[in-house]
Amino acid sequence: MASSSFSTASTAPHAYSHCYSISRSFVSGFSSRPSHSKLFFLRNTSASRFATRAFPVRSVFSEPHRKLKDEDPITPHGPSGTPVSLTADAACIVSSIKYHAEFTPLFSPEQFELPKAFFATAQSVRDALIINWNATYDYHEKMNVKQAYYLSMEFLQGRALLNAIGNLELTGAYAEALRELGKDLENVARQEPDAALGNGGLGRLASCFLDSLATLNYPAWGYGLRYKYGLFKQHITKDGQEEVAEDWLEMGNPWEIVRNDVSYPVKFYGKVIEGSDGKRHWIGGEDIIAIAYDVPIPGYKTKTTINLRLWSTKVQSDDFDLYDFNAGNHTKACEAQLNAEKICYILYPGDDSMEGKILRLKQQYTLCSASLQDIIARFERRSGGYVNWEEFPEKVAVQMNDTHPTLCIPELMRILMDLKGMSWKEAWKITQRTVAYTNHTVLPEALEKWSLELMQKLLPRHVEIIEMIDEELINTIISEYGTADPVLLEKKLKAMRILENVDFPASVKDLLVQPEESSVVEPGEEIQSFDEEVELIDEEEELIDEEEELIELIDEEEEFIDEEEEPTGKGTQKKKVLSEPVPEPPKMVRMANLCVVGGHAVNGVAEIHSEIVKDEVFNEFFKLWPEKFQNKTNGVTPRRWIRFCNPDLSEIITKWIHTEDWVLNTEKLAELRKFADDEELHAEWRAAKRSNKMKVVSFLKEKTGYLVSPDAMFDVQVKRIHEYKRQLLNILGIVYRYKKMKEMTAAERKAKFVPRVCIFGGKAFATYVQAKRIVKFITDVGTTVNHDSEIGDLLKVVFVPDYNVSVAELLIPASELSQHISTAGMEASGTSNMKFAMNGCILIGTLDGANVEIRQEVGEDNFFLFGARAHEIAGLRKERAEGKFVPDPRFEEVKEFVRSGIFGPCNYDELIGSLEGNEGFGQADYFLVGKDFPSYIECQEKVDEAYGDQKRWTRMSILNAAGSYKFSSDRTIHEYAKDIWNIEPVELP
């Protein structure tokens, strides 16, 4: 890639000097731009009027171009025809927007409606970004600094327009320019769809990290996939959640630039052979091409603009079978292209089928292979004529965001050994020094495992490498723990191996055989071989289980035969039931174990989570390599999550602490504590909150049809729908509240309960049946409660459809209570809790994830705590399995109320049934909803009491914002840079 790879060619003649063919002074001074500085956009003659409904754009090729001078201000006419004096920045922005509306159009020329206004505006902003983008790239290339590469299957960016102009400090200028063009900035910004590149906290964290990396001037890139249809767009109907494809690319994406010159081959299937040179060669199979699409990521008050590179997939044109197509076999002719393109159709395609599993694994490998090829090509180019591979870890840091990019490890090994000619030892040393892994979950289903058989078919060379890594690990474990205790050694190996349910090498099997205690055999005893004895020991428990199952089968068969006997009473010969052979457990590749073994660092994302990672999830690895394990508590960018989404609160904070530096140095937020009891601040704080609530009132009316009162408490739980996040606990608490209200007189209700609007949002994965039942139940409760005239504004329940970043930017500033109520020990961190706290929202939650640290920072009195603690969970589940759990009467009361049919005809037996019983899949209340229910509703009573005292509540709100300073992603990124990546900030000259 040439050093000018970020430039775009202008189709206009040289004499036509548009804004992006201007001097680099356009954006070079954004961090310290004086008030008289100008953006050198070309402008149309000021005499032309820009009508609101029509957009006649005159050709400017015949018009002389004049540079703007201080004494030559633009004085265009406003929508009313009155001359308007524009600032220099706004004047040239007007010209830039006009230019793009005419010369880079995506719409017909007759009109200048909002969608067209958005695209023209975004393209004008992109021009500004490209200048800094190129400068950043060129300087990093010139300095050849070490660079971090963040690989993630998700980047939940949200809308880019307001964030970009905010970071460029051009919000006011763009608002002014659009007013001149008869448009409102907020209305124009709302035309932008959210980029459908992520789903939940994993992707939003990745996007916050990119913002912080750019803002802090770190040399870094992000790598992901360009999903055409995203996860899905969520519709809420009478049947609950329905999914349709996202359409975010239907109109194009003005922020991205396709790099047709940046593409890499990616191979699947085929076979591995050994060449005459002794090297392994992966040949044949299915070949696709990964094409780069680049998105600029600007920093705040800095010239640094980094890159998010997204991969799209296709095949070469000659893979289109023209013969088949002309023969009428159209589907077959396009098969190769379809197989390539569908890799980037959907985020997390359903994997219940084998086809779905193959597609997911293809996605993960495409991300890893294309990204590593790109990283290596950049390293080689920056190295000049001589490439010293020992320096690769000194120039490259690869961070795997969860286990999805695990294939980076064998892929880097493959490239280094098979393509660059290194030995195993050299390649392994470089790989381990380059790669690091962030763990985001303790849930077993999220610690990915892939079928070894599937991986052998799809990625045969990588399986060979993984087997070698597994053998290397086995040797390390044996070297560390010795062979004196075979039982201990076998336990370690089974817990730590990358390959699960795969036979040990013969040499290792011999080590695991225990010697007999005595060689004396009593008369009549049979002698068993050592191997048979070990096998019997290993399978003893399985045999006992099989015998118990066999007895149950015989009993059931006898009952069945008794029922089928002839009425005459003649007996029927009973069939002998034979136990079927126990199927062999599937052979799997444990991706999380591969991450730990193949990387130099493993980090959790909150203090409590990192302790669980060390003590439970990877305890054996922690004992072996304690130096690898770290904590990096997550954070969120204060630019998007306060400064831009909550301007009213931002102004108040700046006023009271006398500086706007808090946007970059959030430690300054702590200064708000000095004013926590100031009545003037209280009044301003409440006014800002009410203003934000009014926006949400209008939004909810538009999206759901429900009209809610801004005087009620806004109680919000917005996050991915999952049983462990316990939206079910929340809605059952609401049901209990509703039931108690119905049992009271109007006066009693008013005296007892604070009015609440309970807002839910989030997507249930399309194949996650129980989560979709929860969505349906919430909407059914809302339908009943919201139409109950007796209750009125005392209680409303609203499910916001298609929750995304843009909706979050509206809801979070208006929220007063936010629920983070996952089963303790199951949420790695959470980041929405941080966003809510930053915006002065008070949390109710368990001691889980980042809740623990938030409570420490904001103060125990300013956090509503309930529920079992993480260290108690295992014992409580055991107690349940033993039948010792006694449910609270209030919990039983709620379940019966739901079963009464009060919320409509839908049968909720399976949903409620998951909370009952003592054992069994889908039963026994695994997530302890029933256990925590009494504590939860009692805590909610404390919430009502506190909200009734608005002075106390406002003070708590201020202290939450003041205590949120730790949870900036800037702090997190500084820690990654120092402790894991070993990179330094690079400020552009």
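Mentor: Here is a walk through the sheet, then the helices on it, and then some aromatic rings. Please keep in mind that this is a predicted model.

Let's start with the strands. Nine of them form an open sheet, and their order is β5-β8-β9-β2-β1-β10-β11-β15-β16, with mixed pairing. The edges are β5 (257-268) and β16 (629-631), each of which pairs on one side only. From one strand to the next, the twist averages 25 degrees.

Strand β15 (residues 602-604) and β16 run parallel, and three bridges join them.

Next come the helices. Helix α3 (residues 114-143) packs on the sheet, where it touches β1 (147-151), β2 (220-225), β5, β8 (286-298) and β9 (305-314). The direction of α3 makes about 95 degrees with that of β9. Helix α14 (residues 424-434) lies across β10 (396-401) and β11 (435-438), and it runs at about 40 degrees to β11.

Now for the rings. The whole structure holds 36 aromatic pairs. One of them joins W282 and Y365: their centres are 6.2 Å apart, with 55 degrees between the planes, and the pair is tilted. W282 belongs to strand β7 (residues 280-283) and Y365 to helix α11 (residues 354-383), so this pair ties together parts that lie 83 residues apart in sequence. Are these two residues buried or exposed? Buried means under 20% relative accessible area. W282 has 11% relative accessibility, so it counts as buried, and Y365 counts as buried too because its value is 1%.

F320 and F325 form another pair: the ring centres are 5.3 Å apart and the planes meet at 50 degrees, so this pair is tilted. Here the accessibility values are 35% for F320, which counts as partly exposed, and 31% for F325, which also counts as partly exposed.

Ring pairs can also link up into a group: Y137, Y149, W221, Y223, Y264 and W311 form a cluster in this way. K628 lies over the face of W625, 4.1 Å from the ring centre, while the charged end of K739 sits over the ring of F897, 5.8 Å from its centre.

Key:
Residues numbered from 1 in each chain as written. Predicted model: local features only at pLDDT ≥ 70, side-chain atom pairs only at ≥ 80, totals over all residues. Heavy atoms only, no water. Phe/Tyr/Trp six-rings, centres within 6.5 Å; stacked < 30°, edge-to-face > 60°. Helix = DSSP H or I, 4+ residues; strand = E, 2+ residues; numbered from the N terminus. Buried < 20%, exposed > 50% of the residue type's maximum accessible area, 1.4 Å probe, protein only. Lys NZ or Arg CZ within 6 Å of the ring centre and 35° of its normal. Pairing = 2+ DSSP bridges. Axes fitted to C-alpha atoms, helices over the stretch in contact; angles between N-to-C directions. Contact = heavy atoms within 4.5 Å.
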